[in-house]
Amino acid sequence: MALLEIRSLTKLFGGLTAIFELDLDVHKREIVGLIGPNGAGKSTALNMIGGVYLPTNGQILLRGEDITSLSSHHRAARGIARVFQDNLLFSTFSVLENVLAGLHLRTNMGLRDILFGGHRAHHHDQVLINKSLSILESLGIASEKDELAMNLPHGKQRILSLAIALAPGPRLLLLDEPITGMNAKEVETMLAMIRALRDEKGITCIIIEHNLRAVMGLCDRIAVLNFGKKIAEGTSSEIVENPAVMEAYLGTEENVT
Amino acid sequence: MNLSGQMIWQGLVNGLALGWIYVLMALGLTLIFGIMNIMQFAHGEIYMMGAYVVYYLTASFGFPLLPATATSMVIMALFGVILDRFLFRRLKGQVIGPIVVSLGLTLILMSSAVVFFGLYERSIPMLAQGSVNIFGSIVPKDRILAVAVAVLLTFCLHLFLKKSKYGQAMVATAQSPEGAILQGISPTKMSALAWAIGCALAAAAGALGGSLFMLGPSMGLLPLIKGLVIIVVGGMGSLPGAVLGGMILGLIDGLVPIIFGPALAALLPLLIVILVLVIRPQGLFGVEHE
Amino acid sequence: MLNMNRSMLIKIFGFTGLAALFIAAPPIVSNIYWISVLILTQIYILMAASMRTILLIGHISLGHIGFMLLGAYGSALLVMKAGFPFCMALIVAGFLSGLVGLALGYPFLRVRGIYFAILTLLTSESFRLVAFNWRGMTGGAMGLMGIPSPDAISIPGLGVIDFSTTEGYYYLTLVVICLSLMVLYRLERSRLGFKWRAIREAEKLAQAVGVNVMWYKLVCFAVACFFAGIAGALFAHFQRGLSADASSIFSVLTSIYLLVYIVVGGENKFAGPIIGAFVLSMTSEFARPLEEFQPMMIGGLAIVVVMLMPGGILGFLGQIRFWWSKVLKQETRQGIKG
């Protein structure tokens with residue numbers, strides 16, 4: 001049984017068909033890429049997997065359980081985490097506070113903790129703070145722990161997004177354009193991090209990217225979307241040879257840089 | 001309760017007139033919000049000022065009603081452009097700021113009206129004298145004329161948005177602000193235009209409301225709230241939504257107090273709004289918001 | 001480290017001083033009119049503070065006064081028609097407002113932010129119109145008269161406290177308001193408050209890390225409405241009569257004033273609405289002769305604050321403190337050099 005099974009997923013916005021009958025299986029410890037030119041529907045697909053959009057039709061199964069109509073916080077509780085596009089963070093929180101927020105699922109929210117937990121209890125809970133610090137350390141940004149998230153440089157913000165997503169120890173990680181806007185060195189670091197997440201922690205990853213070449217080496221399998229439909233699926237080498245894929249990219253002047 | 005057919009007709013016709021006045025308010029509000037993402041809470045005071053300008057022109061200068069209304073529309077349009085230029089344009093992008101400023105403006109304008117004009121009501125000339133016999137019931141002519149004027153203005157707006165260059169530019173700006181800028185549409189022109197048209201419509205609504213119903217410093221609060229409710233129920237940015245919502249609300253306000261009493265009439269719009277939102281959070285004609 | 005201790009000390013001294021002032025006010029002022037003003041000011045303070053709590057989840061409620069109305073009429077009717085003792089009526093009125101807030105919050109909190117503001121405005125006006133027109137329950141346009149004050153209680157050591165006097169009611173209000181503010185403050189600083197701020201900051205992200213955003217928003221709104229109800233009950237038994245006409249305290253104007261209090265005091269700190277409500281309430285009392293110009297001035301003040309001093313009074317003071325500490329740093333550096 002695959003970790004995630006997507007069956008005939010469809011999403012319509014008014015008259016616009018954003019995704020049409022998408023079928024995809026994602027197996028444990030796989031890194032799957034969802035590639036396509038801009039507007040192909042990749043973000044819509046990820047939003048449906050993450051629970052931000054309710055599909056118009058179709059099913060999503062996680063370990064055999066139908067999660068199609070569950071909202072994102074329920075999916076988070078079932079081990080799905082997400083790194084959003086455009087470095088969505090708690091901007092006015094510090095780096096440490098961002099990860100503390102990410103640890104919500106591991107935080108006691110009993111009445112006693114709320115009313116009698118002492119001044120800013122959350123921030124003084126040593127267990128939570130240690131957990132946050134270790135995550136920050138493993139990603140190399142522990143030194144900035146008191147810096148405000150909005151003051152971080154772009155690349156570090158991206159890493160912070162990753163830290164937040166990893167905080168509760170998810171099994172499936174959804175990455176929305178993780179390398180967009182990064183320089184070559186940062187891209188290398190990010191790709192290595194994602195690979196390490198799979199190799200060392202066994203986290204399954206679904207990556208959205210429009211830059212095919214960059215994620216080719218990373219993904220075990222790639223599904224290519226165009227105009228809301230899956231036009232190809234296979235290993236990186238299979239995809240690169242596929243004429244339909246080439247046409248989709250050349251046709252929109254999107255360069256396989 | 002003895003309900004005569006005449007009373008029901010009266011309620012219906014009043015409700016229709018009320019409804020279309022509300023529609024004009026809603027159109028202005030949705031226009032300004034669509035372009036600037038600012039909810040103009042002081043719109044009720046624009047309505048009120050529009051009515052008072054008409055009063056001043058008719059009482060002191062002897063203008064006939066319709067030219068006075070047209071002049072008031074122009075004056076309030078200019079006022080709106082000034083508000084945009086000096087106050088609201090600087091607040092673009094903020095959330096709380098514009099709300100506080102527009103509410104502060106409401107306080108200033110309403111109390112200024114009390115100070116200058118006093119608390120008691122005034123009157124402006126009737127739109128039309130006498131009544132007409134429809135289906136055996138007596139219908140006052142001014143109600144009919146008011147609806148006609150409102151429908152005409154709404155239709156003009158519709159044509160403007162659909163056919164004219166500036167109208168299309170406004171629609172584009174409302175749908176995608178960045179895209180519109182890329183196409184060379186000037187955001188400052190668009191916001192000024194939105195304010196001008198919005199305030200002109202509110203002034204017209206004020207003239208109609210003042211002539212048909214009442215003219216006093218606090219006259220603007222109710223139409224504002226009704227306009228806001230219409231937007232929520234009909235969906236932001238939708239002209240047909242505003243028209244439908246306005247008519248429904250107007251008919252409720254016209255008929256329910258007569259049939260069921262004022263207490264229920266106050267609660268019913270709220271209940272309807274809640275019902276609509278539970279079923280469709282984006283409003284009847286609204287678009288699903290990401 | 002030393003700095004933090006000093007600022008804590010200042011805070012403690014400040015609060016104790018303020019508390020002493022408030023406790024000693026009635027005998028010092030010993031003027032029934034001004035003690036009444038202080039009672040009403042405290043009620044406004046609780047309204048402003050609880051309204052700001054809703055701001056923590058990123059929503060503006062323009063209809064907070066509607067929940068005060070629920071509490072006011074609720075408590076009055078429970079005492080007058082159902083024979084409840086005051087303490088029970090107070091709490092039940094609060095819960096009534098809170099429950100209605102919960103019920104309305106479910107559809108209201110799901111929609112876009114600006115819709116929420118509009119809906120709360122509609123709600124409070126609707127409540128007011130119902131109260132104004134429902135002759136059977138609320139006396140309609142005539143209003144609800146003859147609300148009894150709480151029964152006197154006897155405390156060993158202090159003797160009998162009679163709440164039908166203004167001084168007695170002042171202390172009742174003081175105790176209730178202080179307890180309420182303490183609860184609100186605790187909640188804001190707790191884990192719950194942290195979740196609320198996370199929701200305001202980035203709702204989609206909060207949801208994605210497992211926060212049940214709807215639930216947390218509902219709790220926040222219900223709590224805020226609970227305290228509005230408490231404020232309303234205090235109001236009802238103080239005024240001994242309620243009216244819901246267009247010029248009463250339950251009109252939209254009061255909601256606007258509350259928002260201005262929050263903005264002028266500073267929306268970023270807990271003390272902001274307290275300061276704003278206190279300062280503006282008291283100033284408008286002193287400026288009684290200029291009563292007709294007051295809405296104008298308050299509106300003008302609100303606009304000025306938004307355009308020039310967005311952090312309000314507290315924000316401004318904070319900025320001054322910041323500059324001052326920078327100046328001090330400069331001087332120290334120069335001291336070392338020269």
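pLDDT is the predictor's confidence in each residue, from 0 to 100. You'll want that score handy, since this is a predicted model: local features need pLDDT of at least 70, side-chain atom pairs count only at pLDDT 80 or more, and totals for chains, interfaces and linings use all residues. Residues are numbered from 1 along each chain as its sequence is written, while chains are lettered from A and ligands numbered from 1 in the order in which they are written.

- Chain A has an average pLDDT of 86, and 92% of its residues score at least 70.
- Helices here are DSSP runs of H or I with at least four residues, strands are DSSP runs of E with at least two, and both are numbered from the N terminus.
- Over residues 252–257 of chain A, pLDDT stays under 50, and the model has nine contacts beyond four places in sequence for them. A contact means that the C-beta atoms of two residues, placed from the backbone, lie within 7 Å.

**Strands in chain A**

- Strands of a sheet pair through backbone hydrogen bonds, either parallel or antiparallel. Two strands count as paired if DSSP finds at least two bridges between them.
- Take β3(A), residues 31–35: four of its five residues are buried, so the rest of the structure largely encloses this strand. "Buried" is for residues with 20 or more other C-beta atoms within 10 Å of their own, "exposed" for those with 12 or fewer, and "partly exposed" for those in between, with C-beta atoms placed from the backbone.
- β3(A) runs parallel to β8(A), residues 204–209, and five bridges join them. Here A:V32 has A:I206 as its bridge partner.
- β3(A) also runs parallel to β9(A), residues 221–226, with four bridges joining the two. In that pairing, A:I35 stands opposite A:V224.
- Chain A also has an open sheet of four strands in the order β2-β1-β4-β5, paired antiparallel. Its edge strands are β2 (16–26) and β5 (65–66), each of which pairs on one side only.
- Two bridges link β4(A), residues 57–62, with β5(A) in the antiparallel sense. A:L62 has A:E65 as its bridge partner in β5(A).

**Two domains in chain A**

- An automatic or database domain assignment sets the domain bounds. Chain A splits into domain 1 (28–55 + 65–79 + 170–257) and domain 2 (92–168).
- Where the two meet, 10 residues of domain 1 are in contact with eight residues of domain 2.
- On the domain 1 side, α2 (72–77) and α8 (184–201) of chain A each supply at least two residues. α8(A) gives the largest share, three residues.
- That domain 1 side has eight nonpolar residues, one polar and one charged. Nonpolar covers Ala, Val, Leu, Ile, Met, Phe, Trp, Tyr, Cys and Pro; charged covers Asp, Glu, Lys and Arg; the others, Gly among them, count as polar.

**Helices in chains B and C**

- A helix's expected span is 1.5 Å times one less than its number of residues.
- In chain B, α8 (residues 187–212) has 26 residues and should span 38 Å; its end C-alpha atoms are 37 Å apart, which agrees. This helix is mostly covered, with 22 of the 26 residues buried.
- Just after α11(C), C:G266 takes a positive phi of about 120 degrees.
- α12(C), residues 271–286, reaches 22 Å from its first C-alpha to its last, close to the expected 22 Å. Its buried residues include C:P273, C:I274 and C:L280.

- Most residues other than glycine have a negative phi.
- A:D86 has a positive phi, near 55 degrees. A:D86 sits in the loop between β6 (80–83) and α3 (95–102) of chain A, and is exposed, with 12 other C-beta atoms within 10 Å.
- B:N37 has a positive phi of about 60 degrees. B:N37 is in the loop between α1 (5–36) and α2 (43–61) of chain B, and is partly exposed, with 15 other C-beta atoms within 10 Å.
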